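Biologist: I am new to this structure and would like to learn how to read its features one by one. Could you take me through them slowly, with the general idea before the case at hand?

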Amino acid sequence: AVVSTQSGHYGRGTKNVGLGIKTPREAIEGTYIDKKCPFTGDVSIRGRLLRGTVRSLKMKRTLTIRRDYLHYIKKYNRFEKRHKNISAHVSPAFLDLKTGDTVLVGQCRPLSKTVRFNVLKVIATGGLDKKKFKKF
């Protein structure tokens with residue numbers, strides 16, 4: 001992730017995380033330093049790619065996403081609504097995030113006690129309905 005410059009010292013470089021995800025323009029042109037950023041830091045994306053709705057942005061460089069799903073109950077031959085909250089690291093390249101946006105997160109090594117995912121892309125911007133079930 002480190003690229004040498006013409007003057008001989010090492011600067012902040014960017015890398016391609018793969019999986020068909022483009023490096024954001026802010027990561028290429030920006031000057032921020034974030035060791036947990038998948039584009040400029042020392043974190044590799046491997047494992048699962050998940051999609052969720054931003055629920056909270058109260059932590060520093062971390063957000064909480066809500067993933068809704070349906071769980072089948074065999075006895076009643078019906079589905080019930082369930083959800084999980086996942087904490088994910090937010091690179092300074094994504095400064096325009098708001099509650100209700102849909103994001104794509106990728107699994108990486110554990111970054112802290114609860115954070116195992118990194119935001120890779122903002123898919124859609126949405127409203128402020130935090131607890132609304134959005135499966136369909």
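This is a predicted model: local features need pLDDT of at least 70, side-chain atom pairs count only at pLDDT 80 or more; totals for chains, interfaces and linings use all residues.

Biologist: Which residue forms a salt bridge with arginine 66?

Modeller: The general idea is that side chains of opposite charge can pair when their charged atoms come close. Here the partner of arginine 66 is aspartate 68, and the closest N and O atoms of this salt bridge are 2.9 Å apart. Aspartate 68, at 15% relative accessibility, counts as buried because it is under the cut-off of 20%.

Biologist: How many helices and strands does the protein chain have, and in what order do they come?

Modeller: The protein chain has one helix and seven strands, and from the N terminus on its elements run β-β-α-β-β-β-β-β.

Biologist: How should I read the pairing of strands, and in which sense do S3 and S4 run?

Modeller: Pairing is read from the bridges between strands, and S3 and S4 are joined by four of them and run antiparallel. As an example, valine 54 has isoleucine 65 in S4 as its bridge partner. S3 also pairs with S6 in the antiparallel sense, over five bridges, and there glycine 52 stands opposite valine 103 in S6. S6 in turn is joined to S7 by six bridges, again in an antiparallel arrangement, with phenylalanine 117 in S7 as the bridge partner of glutamine 107.

Biologist: What is found at the turn of the hairpin of S3 and S4?

Modeller: This hairpin has two residues between the strands, and arginine 61 takes a positive phi near 55° in it. Arginine 61 is not a glycine, and with a relative accessible area of 37% it is partly exposed. Leucine 19 is another residue other than glycine with a positive phi, here near 60°; leucine 19 belongs to the loop between strand S2 (10-12) and helix H1 (25-29), and at 56% relative accessibility it counts as exposed.

Biologist: Where does proline 110 lie, and which residues is it in contact with once its neighbours within four places in sequence are left aside?

Modeller: Proline 110 is in the loop between strand S6 (102-107) and strand S7 (117-124), and with those neighbours left aside it is in contact with Val115 and Arg116. Proline 110 counts as partly exposed, at 48% relative accessibility.

Biologist: How many disulfides does a search of the whole structure find?

Modeller: A disulfide is a covalent bond between the sulfur atoms of two cysteines. The search of the whole structure finds zero. Cysteine 37 is buried, with a relative accessible area of 0%, and cysteine 108 counts as buried at 2% relative accessibility.

Biologist: Which residues make the nonpolar surface patch of about 300 Å²?

Modeller: That patch is made by Leu70, Tyr72 and Phe79. Leucine 70 is found in strand S4 and is partly exposed, with a relative accessible area of 31%.

Biologist: To finish with the protein chain as a whole, what share of its 136 residues is buried?

Modeller: Buried residues make up 37% of them. The protein chain exposes about 9,200 Å², of which carbon and sulfur atoms supply 50%. Among its contacts with a separation of 6 or more, 55% are accounted for by residues 24 or more positions apart.

Methods. Residues are numbered from 1 along each chain as its sequence is written. Side-chain values use heavy atoms; hydrogens and water are left out. Buried means under 20% relative accessible area, exposed over 50%, partly exposed in between (1.4 Å probe, protein chains only). Contact means heavy atoms within 4.5 Å. Patches are made of residues with over 30% relative accessible area and no salt bridge: like charges are joined within 9 Å, nonpolar side chains (Val, Leu, Ile, Met, Phe, Trp, Tyr) within 5 Å. Accessible areas come from the Shrake-Rupley method with a 1.4 Å probe; for residues, only the protein chains shown count as cover. A salt bridge is a side-chain nitrogen of Lys or Arg within 4 Å of a carboxyl oxygen of Asp or Glu. A disulfide is a pair of cysteine sulfur atoms within 2.5 Å. Two strands pair if DSSP finds at least two bridges between them.
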